[in-house]
Each structure stands twice: as C-alpha cells, then as structure tokens.
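The following paragraphs lead the reader through one protein chain, from its overall pattern to individual contacts. Please keep the sequence and the structure in view while reading.

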Amino acid sequence: MKKNVSNIALCGFMGCGKSTVGRLLAKYMGMSFVDIDTYIEKQMKMKISAIFEQYGQGFFRRLEMQGIKEICAKEGTVISLGGGTILNDDNYKVLAESCKIVYIKATREDLYKRLKNDKKRPLLQQGDKRKIIDDLYTSREPIYASRADVSVASMRSIEDTATLIMHMLQDKRKDGDSYESSEKATKSHI
C-alpha cells in the first residue's frame with residue numbers, strides 16, 4: 001500500500017530520457033528534481049565510472065540504496081533512477097511506498113542509436129554495445145513494466161513526454177498509449 005506518494009520516480013533503460021524528462025516534469029509540477037547518479041557523484045565527489053572502477057558495482061549499488069532511502073524520505077521530488085535501481089527489491093519497496101513509479105519505454109533500436117557512442121556508462125564499456133543493450137533490455141524490460149504505476153513511450157518530444165506523464169498521473173491511467181487514444185477519441189467527439 002502506498003503511503004506518501006508525493007514523489008515521482010522515473011525508471012527505464014539507460015538512455016531512455018529519464019533525466020531530461022524528469023527535469024522538465026519537475027518544473028511543470030512545481031517539484032524538486034534529483035538524478036540518483038548525480039546525487040551519488042556529489043556524495044562521493046567522484047564520477048559513477050570511477051566509483052565502478054575503484055570500488056565495484058556492488059559498492060555502487062549500496063550507495064544507490066542509501067541515496068534512494070534519503071531522497072524518498074523527502075516529499076515533492078521527481079527522481080530519475082539509474083537503469084538498474086528499480087531491479088533491486090529493497091529499492092523497489094522504498095520507491096513503491098513513497099513514489100508514483102513511471103516507466104519511460106524506448107525501443108532497443110532507439111536505445112542503441114542513443115548509446116552506441118557512449119563512453120561514460122560503465123556497463124556499456126565491457127564489449128559489444130549492441131549485445132550488452134540487447135541482453136540487459138531482455139532481462140530488465142519486464143521488471144520495469146511490472147513495477148511501474150504508469151508507462152509512457154519515449155518516442156515523442158521531451159515536452160510532450162513530460163506533459164503526458166503529468167496528465168497520466170493526475171488521471172491515474174496506466175499506459176500512455178491508452179491515454180492518447182482516449183484523449184483523441186474524446187476530442188473527436190467534441
């Protein structure tokens with residue numbers, strides 16, 4: 001059961017637009033914005049890639065869990081999660097109690113186009129980017145979809161995505177595509 005749902009958490013694959021959309025959504029809704037990766041970098045005074053390299057992924061995930069607890073203790077925040085944040089059951093429990101969780105969906109091909117030249121995401125620096133993206137997408141996408149309160153495709157403009165999320169949360173709809181279809185149907189009957 002959700003208790004304090006005054007926060008919004010944006011989940012999805014790396015490169016789907018969580019941070020960009022999140023900043024604008026926070027502005028539209030008069031909320032603060034926190035990117036979990038930036039939050040950790042400020043706490044550690046290190047880039048995420050350096051944390052991974054020096055301390056490993058397990059250490060980073062513990063920092064991420066602590067950051068989620070701290071951020072979710074506040075109210076009125078849009079949180080851009082890392083691609084792996086919501087996969088952790090403990091993180092999910094904290095997020096589910098304190099946030100409306102929004103999954104920003106992107107196709108594998110769109111993600112590959114956005115990420116093929118990436119040099120900063122540690123998980124993408126370990127070999128063939130297309131294969132890494134495919135493997136991670138296959139394992140993560142069902143979890144993102146099942147843990148989200150609402151889902152929206154990232155194929156539209158940043159402004160349209162942020163506006164759609166805002167309307168979906170206000171109307172409590174689960175799927176952005178359904179929202180757009182019913183909105184068009186309503187307009188066509190007016």
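Before two helices can be compared, their axes must be defined: an axis is a line fitted to C-alpha atoms, for helices over the stretch in contact, and angles run from 0 to 180 degrees between N-to-C directions. Two packed helices are described by the angle between their axes and the distance between the axes. The model considered here is predicted.

The overall plan comes before the details. The chain contains nine helices and five strands, and along the sequence they follow the pattern β-α-β-α-α-α-β-α-β-α-α-β-α-α. Of the 190 residues in the chain, 45% are buried. Among contacts between residues at least 6 apart in sequence, 69% join residues at least 24 apart.

Two helix contacts involve H4. The axes of H4 and helix H5 (residues 89–98) come within 10 Å and cross at roughly 10°. Because angles under 35 degrees count as roughly parallel, H4 is roughly parallel to H5. On the H4 side, the contact is made by Glu64, Met65, Ile68, Lys69 and Cys72, and on the H5 side by Asp90, Asn91, Val94, Leu95 and Ser98. By class, the residues of this contact divide into five nonpolar, two polar and three charged.

The second contact joins H4 to H3. The axes of helix H3 (residues 48–55) and helix H4 (residues 57–72) come within 7 Å and cross at roughly 130°. H3 and H4 are therefore oblique to each other. Ile48, Ile51, Phe52 and Tyr55 of H3 meet Gln57, Phe59, Phe60 and Leu63 of H4. The contact of H3 with H4 has seven nonpolar residues, one polar residue and no charged residues.

Attention now turns to aromatic rings. A pair of aromatic rings is described by the distance of the centres and the angle of the planes. How many aromatic pairs does a search of the whole structure find? The search finds four. In one of them, the ring centres of phenylalanine 13 and tyrosine 137 are 6.0 Å apart and the planes stand at 55°, so the pair is tilted. Phenylalanine 13 lies in the loop between strand E1 (7–11) and helix H1 (18–29), whereas tyrosine 137 belongs to helix H7 (residues 129–147), so the pair ties together parts that are 124 residues apart in sequence. Are these two residues, phenylalanine 13 and tyrosine 137, buried or exposed? Both phenylalanine 13 and tyrosine 137 are buried.

Tyrosine 55 and phenylalanine 59 form another tilted pair, with 4.7 Å from centre to centre and 35° between the planes. Tyrosine 55 has a relative accessibility of 42% and therefore counts as partly exposed. Phenylalanine 59, with a relative accessible area of 23%, is also partly exposed.

Helix H7 also contains leucine 136. With a relative accessible area of 18%, leucine 136 is buried, because buried means under 20%. Apart from its neighbours within four places in sequence, leucine 136 is in contact with Phe13, Met14 and Leu123. Leucine 136 and methionine 14 are 122 residues apart along the chain, and their C-alpha atoms are separated by 10.0 Å.

Finally, two arginines are placed over tyrosine rings. Arginine 130 lies over the face of tyrosine 112, at 3.8 Å from the ring centre. The charged end of arginine 147 sits over the ring of tyrosine 92, at 4.5 Å from the centre of that ring.

Key:
Residues numbered from 1 in each chain as written. Predicted model: local features only at pLDDT ≥ 70, side-chain atom pairs only at ≥ 80, totals over all residues. Heavy atoms only, no water. Phe/Tyr/Trp six-rings, centres within 6.5 Å; stacked < 30°, edge-to-face > 60°. Helix = DSSP H or I, 4+ residues; strand = E, 2+ residues; numbered from the N terminus. Buried < 20%, exposed > 50% of the residue type's maximum accessible area, 1.4 Å probe, protein only. Lys NZ or Arg CZ within 6 Å of the ring centre and 35° of its normal. Parallel < 35°, antiparallel > 145°, perpendicular 65-115°, else oblique. Contact = heavy atoms within 4.5 Å. Nonpolar A, V, L, I, M, F, W, Y, C, P; charged D, E, K, R; others polar.
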